[in-house]
Amino acid sequence: MVATNNDDTEGNQCPGQVLDGSPGKSAANGVDVSPVVEWLHNLGLFGKYEEIFLKQEIGWDALQWLTEEDLCSIGITTLGPRKKILHALKELRSESIKVVETETENSKSAADEAKPGVNKLITDYFLGPPSERKRVDVANNGQSGARRSQANITNRSNKKKDRIRNGKQKDVPLWCSIPGTQFRVDAFKFLSRDCSHWFLTHFHLDHYQGLTKSFSHGMIYCSSITAKLVNLKIGIPWDKIKVLPLNQRINIAGTDVTCFDANHCPGAVIILFEPPNGKPVLHTGDFRFCKEMMELSFLQACPVHTLILDTTYCNPQYDFPKQEAVIQFVIDAIQAEAFNPKTLFLIGSYTIGKERVFLEVARALRKKIYVTASKLRILECLNFPQEDMQWFTLKEQESHVHVVPLWSIASFKRLNHISNQYMGRYSLIVTFSPTGWSFGKGKKSTGRRWQKGTIIRYEVPYSEHSSFTELKEFVNFISPANIIPSVNNHDPDSQNSMISQLLA
């Protein structure tokens with residue numbers, strides 16, 4: 001994922017996404033995690049940073065008390081992001097003091113406005129876009145103050161955006177620009193009138209962030225699946241979207257463009273640009289390398305000059321197993337745990353992404369998978385054949401395998417709350433969290449199991465990004481003259497370190 005990273009704060013969010021999404025209300029003790037996630041997004045921090053805060057159950061109140069030692073202890077050890085967070089926390093605390101003073105003066109009215117949170121089933125957390133769900137679920141005066149604080153921060157952010165529009169436009173990052181062209185890729189945070197060709201590699205918010213239905217900067221180029229989602233979830237009219245075919249060279253403004261399946265989420269593409277200067281550029285977006293990519297004739301025949309590479313897991317510690325092995329582990333685990341007929345299985349998912357896990361479970365076990373109506377609407381955009389769509393049901397009673405937001409099953413604390421909701425219906429809950437971030441150092445395992453009472457958690461290193469070994473293999477295959485890392489590229493030293501490791 002590119003460094004602009006993850007989910008929507010302007011109403012264009014797909015329901016249920018975490019790393020590539022913004023959760024609503026935490027299943028644990030009514031803790032609202034969305035303000036923290038939105039705050040991280042405003043800092044340009046997504047992916048592993050978001051997951052760290054979710055795993056540690058850091059709510060809005062706890063956030064404001066974090067110290068540098070705390071950040072190091074929870075895994076935020078890279079200097080750049082850590083200093084960015086600390087600086088933002090200093091501003092946040094200053095803002096919160098003003099809010100608390102205001103809250104003290106208006107405590108009576110604030111108390112009247114406060115309303116208790118609603119007790120929901122976990123599958124209710126695949127919510128629709130914020131524009132369709134104006135929630136009033138403030139649990140206490142502190143949270144009311146936090147939201148007002150955020151509103152003030154957002155206002156300052158909007159003023160900053162206005163200044164940018166008035167002539168102080170940020171520079172477009174290297175990984176969003178295609179040398180030899182005026183093209184931009186996943187660069188909707190940097191919209192400008194000097195470009196009319198905007199490419200979107202896939203529908204994860206860290207890539208489409210900044211894109212709204214008022215887009216008027218030319219044409220958006222993307223795959224057919226991504227086009228459907230851009231139209232459905234953001235409201236971009238079809239006359240502003242150009243669907244790019246797979247494995248077919250087309251010419252756009254004098255540059256040949258070819259798209260390939262990225263083996264990431266549905267609709268994700270790798271894009272090969274062949275500009276007139278004779279220096280081809282390959283932009284991977286987010287991708288998981290597979291052997292089939294080495295058989296693509298376009299890549300075999302085209303000497304790539306510049307490779308813009310998804311370096312999410314560009315660290316030797318991330319050498320996780322193949323997707324097929326992890327999926328088989330999940331299937332075997334479900335079969336092993338299913339001795340109790342009153343067992344509920346929960347499989348974590350993003351808004352889009354991880355579909356292969358629960359689809360393979362359905363196929364192998366010949367069992368239907370329960371999804372919410374909003375999740376089904378997303379699935380209907382993904383061009384799955386009817387023989388796959390038949391496995392999904394909207395009737396909760398028809399299946400004891402449910403798809404849920406990944407964030408909602410991230411800890412035993414949240415799962416205890418879920419267990420109470422299902423009391424009487426199920427006596428055992430088994431969850432699966434499929435993410436590459438669960439991969440432990442030096443432990444090339446297909447999954448790990450924990451149990452506390454009647455709750456069992458599996459963390460499985462199912463990743464839709466390339467492992468370090470796969471990145472090295474891909475770089476060796478492409479043999480580019482120049483590599484531009486698109487993730488974890490905080491400074492020249494970190495970029496050079498990754499490139500050196502890939503070429504070693």
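Reader: Is Arg-356 buried, exposed or partly exposed, and why?

Author: Arg-356 counts as partly exposed, because its relative accessibility is 29%. Buried means under 20% relative accessible area, exposed over 50%, and partly exposed in between (1.4 Å probe, protein chains only). This is a predicted model, where local features need pLDDT of at least 70, side-chain atom pairs count only at pLDDT 80 or more, and totals for chains, interfaces and linings use all residues. Residues are numbered from 1 along each chain as its sequence is written, and side-chain values use heavy atoms, leaving out hydrogens and water.

Reader: What does Arg-356 form a salt bridge with?

Author: Glu-324. The closest N and O atoms are 3.3 Å apart. A salt bridge puts a side-chain nitrogen of Lys or Arg within 4 Å of a carboxyl oxygen of Asp or Glu.

Reader: How many salt bridges are there by this rule?

Author: The count is 15.

Reader: And which residue pairs with Glu-337?

Author: Arg-449, in a salt bridge at 2.9 Å between the closest N and O atoms. Glu-337 is buried, at 5% relative accessible area. Arg-449 is partly exposed, at 40%.

Reader: New topic. Which side chain makes a polar contact with that of Thr-469?

Author: The side chain of Asp-319, at 2.7 Å. A polar contact is a pair of N or O atoms within 3.5 Å; within protein, one must be able to donate a hydrogen and the other to accept it, and residues adjacent in sequence count only if both atoms are side-chain atoms.

Reader: How many residues apart in sequence are Thr-469 and Asp-319?

Author: 150, yet their C-alpha atoms are 6.0 Å apart in space.
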